[in-house]
Amino acid sequence: MTSSDSPVRDSFLVFGSPAIEEAEIQEVVATLRSGWLSTGPKTHLFEEEFRRYIGCHHALALNSCTAGLHLALDAIGVGEGDEVITTPVTFAATANVIVHHRAHPVFVDIRRDTMNIDPEQIEAKITPRTRAILPVHLAGRPCQMDAIMDIARRHNLFVVEDAAHAVEAEYQGQKVGTIGHITAFSFYVTKNVCTGEGGMVTTENDDWAEEMRLRSLHGISKDAWKRYSAEGYQPYETIYPGYKFNMMDIQASLGIHQLARVEENHRVRERWWHRYNEAFSEMPELITPLEEEGIRHSRHLYTILIRPERLQIDRDQFVEALKEENIGTGIHFTTLHLHAYYRQTFGFRRGDFPNAEFVSDRTISLPLSAKLTERDVDDVVAAVRKVSDRYRR
Ligand SMILES: *Cc1c(COP(=O)(O)O)cnc(C)c1O
């Protein structure tokens, strides 16, 4: 597979490097100097600004999206033996949190065109034990939320959205984060808004918001920053054996400025996304992502599917060939039903979810950061063309 000619780029283009600017750096430094490092005024400011950006009633900042999904399943009362319907084409965390609640992840196959859960296949999987549907807005493309909410209403189910990719997404004019019962966002390094590690949950429900906030910090009756603030020591007691899921002000310092540039960065990624789509849509070796009406795609990932029948190499070799051209890529995702734990625990086999497997075997995510230059994007296009040309069947 090694090529003797020189690579498209001299230096390696890292996949998913965050666009951190001076404002974030200055804010983190100011936070360090302030002496208030953990959950405090900046976390609360970030929550307030995020709440306003989404247009929801409650936003709770956490140390990850995974923590948010965990609290969401707690809030709606998922427990032992319950079933939660989700997609197998997602990050491990989505299904893991279901297992952490001693519940069963019930996978429903995806649509090949959107790569999101297929609403038409959901009802066949509903049983008396089903508690919730957990859709994932893969790559930043919102799921068909009208159909999903309709099914949930008719069967009395909750909808918890994994919006790790979808901060800017809208479905038919409605912002993701205001549609399902509870929504979890991620601010992990590679995500559209980045705090290093971090997440946020949103909901319209006052009781769930209060319960999630309580459980996010040990289940004690007062926030730490209120306990130790100028008012002096405040008595508190444990109401529930909660978790350690709170966000630090150091993280929120990044989040405040990342959120202020979220739309600006979206415009940049949108431009690169369309540039890729124009460059690749005529190539018979590739399947390019769907352009869809009625949604706002958050442009978190730009993914191509390779057509192995048109190439002499498979997806992993394609990824390797791009690496030799100094282009970093990601895989989002290999289908969870074929991962060791899920295969062994639930007896899934190849063939169970044909569309998930189709995508899982073919998908490649190309660099799509607001940090990319025009030159970087041209290099990616050149590298994908070069590899496709070289290994065309
Ligand atoms: C990143 C990611 C998560 C987890 O986010 P964390 O903030 O790292 O916990 C969950 N689901 C999907 C689809 C993701 O990509």
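Let's start with what surrounds the ligand. Sorted by class, its shell holds six nonpolar, seven polar and two charged residues. Keep in mind that this is a predicted model.

Which residues come nearest to the ligand? Fifteen residues are around it, and the nearest are Thr 66, Asp 162, His 165, Ser 186 and Lys 191. And where does the ligand sit? The space it takes up is the largest pocket.

Now the contacts. Take Thr 66. One of its polar side-chain atoms is 2.5 Å from an oxygen atom of the ligand. Move to Cys 65. Here the backbone takes part: a polar backbone atom of Cys 65 lies 2.9 Å from a ligand oxygen. Then look at Asp 162. An N or O atom in the Asp 162 side chain is 2.7 Å from a nitrogen atom of the ligand. How much of the ligand does the protein cover? On its own, the ligand has 380 Å² of accessible area, and the protein covers 93% of that.

Stay with Asp 162 for a moment. Its side chain also makes a polar contact with the side chain of Thr 94, at 2.9 Å. So where is Thr 94? Find helix 4, which spans residues 92-100; Thr 94 is in it. Is Thr 94 buried or exposed? Thr 94 counts as buried, because its relative accessibility is 1% and the cut-off for buried is under 20%.

Next stop, Ile 148. Look in helix 5, residues 145-155. Ile 148 has a relative accessible area of 0%, so it is buried. Along the chain, Ile 148 and Glu 120 are 28 residues apart.

Last one: Thr 202. This residue belongs to a strand, namely strand 9, residues 199-203. Why does Thr 202 count as buried? Because its relative accessible area is 1%. What does its side chain meet? A polar atom of the Thr 202 side chain lies 3.0 Å from the backbone oxygen of Gly 177.

Quick recap. Thr 94 is buried, Ile 148 is buried, and Thr 202 is buried. That's my tour.

Definitions and conventions: Residues numbered from 1 in each chain as written. Predicted model: local features only at pLDDT ≥ 70, side-chain atom pairs only at ≥ 80, totals over all residues. Heavy atoms only, no water. Near = heavy atom within 4 Å. Polar contact = N/O pair within 3.5 Å; in protein donor to acceptor, adjacent residues only side chain to side chain. Areas by Shrake-Rupley, 256 points an atom, 1.4 Å probe, with all protein chains shown as cover. 1 Å grid on protein atoms, 1.4 Å probe; cavity = no way out; pocket = protein on both sides within 12 Å on 5 of 7 lines; lining within 4 Å. Sits in = over half its atoms within 2 Å of the grid points. Nonpolar A, V, L, I, M, F, W, Y, C, P; charged D, E, K, R; others polar. Helix = DSSP H or I, 4+ residues; strand = E, 2+ residues; numbered from the N terminus. Buried < 20%, exposed > 50% of the residue type's maximum accessible area, 1.4 Å probe, protein only.
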